[in-house]
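Visitor: I have a structure open and would like to walk through it. Can you put it up?
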Amino acid sequence: MSIEAKIRKDLQLNEYEETIFSKIDWKNCPKHIAIIMDGNGRWAKSQGKPRTYGHKKGVDSIHSIVELCGKIPVEYVTFYAFSTENWKRTESEVSMLLGLFSSSLKKYLNQLSDQGVRINVIGDLSKMGPKIQKEFLDANEKTKSNTKICMNLALNYSGRADLTRVTKEIALEVSSGKLDLEKINEDYISQKLYTGFMPEPELMIRTSGENRLSNFMLWENAYSEFYFTDVHWPDFREVHLFEAILEYQNRNRKFGGLC
Ligand code: IPE
Ligand code: IPE
Ligand code: MG
């Protein structure tokens with residue numbers, strides 16, 4: 001079945017959605033999309049609800065987007081779920097978020113695995129406690145042969161921390177005589193990052209109207225196309241991803257060249 005037919009079978013597209021959708025060139029789809037899921041708190045506030053309600057609803061958005069990405073030619077989708085700076089939030093919000101990561105994984109693991117989703121974590125899981133660490137490592141192991149889509153969750157993630165970790169690793173290799181200084185190049189650094197086994201994101205989306213990276217994939221985003229939308233993450237659905245992909249396809253990516 002063609003991509004178009006598959007999507008139309010599963011989603012009831014309204015007239016506007018159909019207009020966007022029909023303009024997308026599926027042969028020119030980003031292989032890797034990275035998303036800074038922002039605005040859960042503001043969305044909840046707009047509903048007169050506590051921030052935690054926004055985080056819970058945000059999980060539904062992840063679910064919809066992963067499912068969609070499994071049907072289109074995207075190979076990797078990365079969600080920024082918890083930054084190293086997010087520990088600054090109140091203890092109760094942090095503990096709610098950690099509980100939500102764990103319960104959502106439990107709730108969706110089998111379904112995602114059956115759908116061919118490979119689950120991978122980028123970030124320092126060791127600081128998230130042994131229970132969460134084990135749950136995500138087990139999920140990674142269980143789904144490692146799945147090929148439909150690789151879902152990366154950035155947990156306790158920081159772009160600077162990742163580069164610092166890699167710098168130390170390389171320094172140790174050089175000082176112990178295992179690595180020649182001349183062998184250090186951009187590819188060598190890239191493949192040592194958490195994202196080393198995947199292509200760099202061609203499209204980086206941030207929701208909720210903030211126009212910044214907040215320490216997300218600093219190295220990998222060097223030539224990504226940035227797409228900012230005012231939509232809060234809990235409202236983000238398939239049509240918003242279609243809009244982002246279409247906008248991406250209308251950009252002129254020059255990589256420093258002239259065309
Ligand atoms: C994103 O939503 C989720 C996380 C950072 C964990 P926020 O919680 O940052 O929502 P706002 O920005 O306060 O609205
Ligand atoms: C970025 O959102 C981190 C995640 C989405 C996990 P924040 O809400 O933490 O970022 P700032 O504080 O607005 O930069
Ligand atoms: Mg925020």
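Guide: I205 stands opposite Y227 in β6.

Visitor: How many bridges join β5 to β6?
Guide: Strand β5 (residues 203-206) is joined to β6 by 4 bridges, and the two run parallel. Strands here are DSSP runs of E with at least two residues, and helices are runs of H or I with at least four, numbered from the N terminus.

Visitor: Before we go on, what kind of model is this?
Guide: It is a predicted model, where local features need pLDDT of at least 70, side-chain atom pairs count only at pLDDT 80 or more, and totals for chains, interfaces and linings use all residues. Residues are numbered from 1 along each chain as its sequence is written, chains are lettered from A and ligands numbered from 1 in the order written, and side-chain values use heavy atoms, without hydrogens and water.

Visitor: Back to the strands. What order do they take in the sheet?
Guide: The open sheet has 6 strands in the order β3-β4-β2-β1-β5-β6, with parallel pairing. Two strands pair if DSSP finds at least two bridges between them. At the edges are β3 (117-122) and β6 (225-228), each pairing on one side only.

Visitor: New topic: R8. Where is it?
Guide: R8 is in helix α1 (residues 3-10).

Visitor: How far is R8 from S176?
Guide: They are 57 Å apart in space, C-alpha to C-alpha, and 168 residues apart in sequence.
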